[in-house]
Amino acid sequence: MLRRVSPMFAAALLFLAGCGTQDPPEVEFAAGDARVTARPTQYCDVALTNCEADATAPVTLTVPPGTPLRVTVPDEVAQTPWTVVFSYRSGSGELIDERSRIFSPNERNEFVLTLPDPADRLRTAEVQQIGVPQVDPETGEVQYPARASWVLTAAA
């Protein structure tokens, strides 16, 4: 199934193709009064042709059960589509993987992740900056690849 990309979405991505900084942007994760800043574990140019990986970039933060996780992205990320992918263990022990909706360019710089039940324990949270949509040549489906990612592992 072919999905159409809105003209505003496409224009934002084209505008950002010319933007960039020397150093990749950083994302802040906070739980209560504790906070950490993460470098990207993967960072690609807008065309996804030149990518760098940093295996030492994931950060760890203690996130007690029932404590929301606040994710703050810089303008460079907020000016593009982005999402938060996360996993948690339910009070009954089930491992659950979910994601936030995809935020539109310039919609927001912050997202507060609150798990469904106070007994749930966050395991990981990953901010994904969405790259230029690509059409799968075999299926014709539009895919939204992650251009960059910032990873948090929650400590018990």
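I looked up F103 and noted that F103 counts as buried, at 2% relative accessibility; buried means under 20% relative accessible area, exposed over 50% and partly exposed in between, with a 1.4 Å probe and protein chains only. The model is predicted, so I kept in mind that local features need pLDDT of at least 70, that side-chain atom pairs count only at pLDDT 80 or more, and that totals for chains, interfaces and linings use all residues. Residues are numbered from 1 along each chain as its sequence is written, and side-chain values use heavy atoms, with hydrogens and water left out.

I next turned to the aromatic rings. Rings of Phe, Tyr and Trp (its six-membered ring) pair if their centres lie within 6.5 Å; planes under 30 degrees apart count as stacked, over 60 as edge-to-face and the rest as tilted. I recorded 3 aromatic pairs by this rule. W82 and F103 form a tilted pair, 4.7 Å centre to centre with 50° between the planes. This pair links distant parts of the chain, 21 residues apart: W82 lies in strand β7 (residues 82-89), and F103 in the loop between β8 (95-99) and β9 (110-113). Strands here are DSSP runs (E, at least two residues), numbered from the N terminus. I found W82 buried, at 0% relative accessible area. Ring pairs link W82, F103 and F111 into a cluster.

I finally examined a sheet. It is open and holds 4 strands in the order β2-β1-β6-β9, with antiparallel pairing; two strands pair if DSSP finds at least two bridges between them. I identified β2 (34-38) and β9 as the edge strands, each pairing on one side only.
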